[in-house]
Amino acid sequence: MEIPYEVTARRDTGLYNAKIGVWLFLASEVMLFGGLFSAYVFLRIGTQPGIDNPWPQGVHVQMVWAGFINTLVLIASSVFVVFAWVALKERKWNVFRNWMVGVLACSGMFMAIKAYEYNSKLTKHHDVKLADNTILGGTILKNEDGVRTDRIRFDAESVTVDFTGGIPGFASQIPEDDRDGLVFSYEDREGNQRELALDDLDSWFMDHRRQALRDIADKRAKQRDGTWDKEKDRDPFTKVTLNAPFRLNASPRKVGTRDETTLNFHDRTVAKGKLVDDTITLELHSINLQMVPLQDQENVMAWKLIHDSTGSDEVKENFLAVRDEKLELVRSYFHDGVIPVKTLQGPMINYHDIHEKPGEHGHAHGDHGEPAKEAHPGDHGSEEAAHADGDHGHGHDVVIEIPRDQTTFVTNHGPRAGTYYAIYFTMTGLHGLHVIGGALVLAYFLLFGKRLFLKNPEHLANRVEVGGLFWHFVDLVWIFLFPIMYLM
Amino acid sequence: MATTPEELASHKKAYTAVGISLGVLTVVTLALGYWHPFDLGVPGLDWTDITIGLVIACVKSSLVALIFMHLNHERGLIYKILLFTFCFFLGLMVLILFAWGNPIHEAFDAVRSSLS
């Protein structure tokens, strides 16, 4: 069936139909991203200094080079798309094909860089918040056994599972080597000794849970009827202790309270044994005192932890000196020398800044509400820029040991690290999906467009124009995302 | 829409020029956010930097919309669609005022104090 107005314009609108369609779609897309941009501004200016986690300035926590290259890549791809469209207008298939390959290469490069960034945030960059609200940024290192040190390392002797709780999550926290052939012994409700292989744990648990829930319902029914006999009737069988020695490298997110001999999991499983080590080893990249009042900043526990590790107070002294220099510079911009409360959150200072004592910069640092900008050209401005991919540039990294009981929050730079990271992943993730969607449409025109080109080249040109409009919109969104996420 | 070879040739020139302009403006944005000598206003991030950064972003997006997306010579219906969208978009941006004035908390506090 011939669909009208694919090539020729409708008389009333003056446009071919697909064009109106794509513009209506883009209008809805403007609303979608508009809502998210609105949410971004709302969250950012609604952040309460000293109460919420500080909103970081992009240059301090992002790989600016990655955002910059991706901006150029998208701009290049936008140029390639319009050239591909012009090639179709000129009826040159080969030229069209070459430009289109360029577009797809750009989209692949964009996504590859994005993936690298995400991976780096999720696996190499962590924040450790201490009880006094200091936030230490860095990379949590692995111990000599290859276990990341934010895990609670525990030698378990037994584990008590509760059939009224969640499916036991401890099994996934047992190291791979210990898992093979692990068999628990336990006593069933008749008092017989039985064995349970780890691999059968989930199905065994579900069977017992069904039975336990039935027993509980029976007991309640009998109690309601007054037929429950304390002597004769057995209490529901809701807990079993599984015995076997095994190692746990427990994620702190799965564990509630704990002490030297007990780990209480959120799913109501209780492990008994011995706590081996609960110290986080952090390669320090940044010290963020934005949530600590100025007068308390000289006495935060971070200085003690660093002193224990390095044996010197050099980091503290340099930090405070750099801080004072920044504050002084900002103060000089306000004629009465008083910095407005909203402006002053206290500095977040990257570790490599501290290794240059004040006066050695050849410039002045500044601070204005948010962390100060990087100073000299060529300097790696961002923490991740300086510390991604194992390039630790400055060679002064301090590794500190942090007892977990002194921490209140340990996280990677994923969405849970704060509202900034949450909105960053939401917006760039949604934008990334648009890049993939746009690339798939354009790839379809490249791979399957030849037949249409031979039959009706103007029709293909219109299709590419419509696909290109979407592509330009994706570029347009990134034009705003780059400065607000990576620089401001 | 352009169809003659001359028009297409002039289009190509415009696309190249816009592409280069966008690249240059991106470098300027980066310099503003990254390098100290370009740090205007109070040292560090302040409203001067934010305003300049967003103005540049608006210029860049206008170039993309006008030239790449052909909005410099489009049919009236599309402008009408976009005008409609723009009004709703402004509405979304007005929501931000809730964070400035904090009326939700104020209303909440008023109710709470009237109850106590």
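Colleague: How many salt bridges does a search of the whole structure find over all chains?

Modeller: The search turns up 22 salt bridges over all chains. Bear in mind that this is a predicted model, where local features need pLDDT of at least 70, side-chain atom pairs count only at pLDDT 80 or more, and totals for chains, interfaces and linings use all residues. Residues are numbered from 1 along each chain as its sequence is written, and side-chain values use heavy atoms, with hydrogens and water left out.

Colleague: What makes Lys12(B) and Glu90(A) a salt bridge?

Modeller: The term asks for a side-chain nitrogen of Lys or Arg within 4 Å of a carboxyl oxygen of Asp or Glu. In this pair the closest N and O atoms are 3.2 Å apart, so the pair counts. The bridge crosses between chains, from helix 1 (residues 5–34) of chain B to the loop between helix 3 and helix 4 of chain A. Between chain B and chain A the count is 2 salt bridges.

Colleague: How many residues of chain B are in contact with chain A?

Modeller: Contact means heavy atoms within 4.5 Å, and 57 residues of chain B are in contact with 70 residues of chain A.

Conventions
Chains are lettered from A and ligands numbered from 1 in the order in which they are written. Helices (H or I, at least four residues) and strands (E, at least two) are DSSP runs, numbered from the N terminus.
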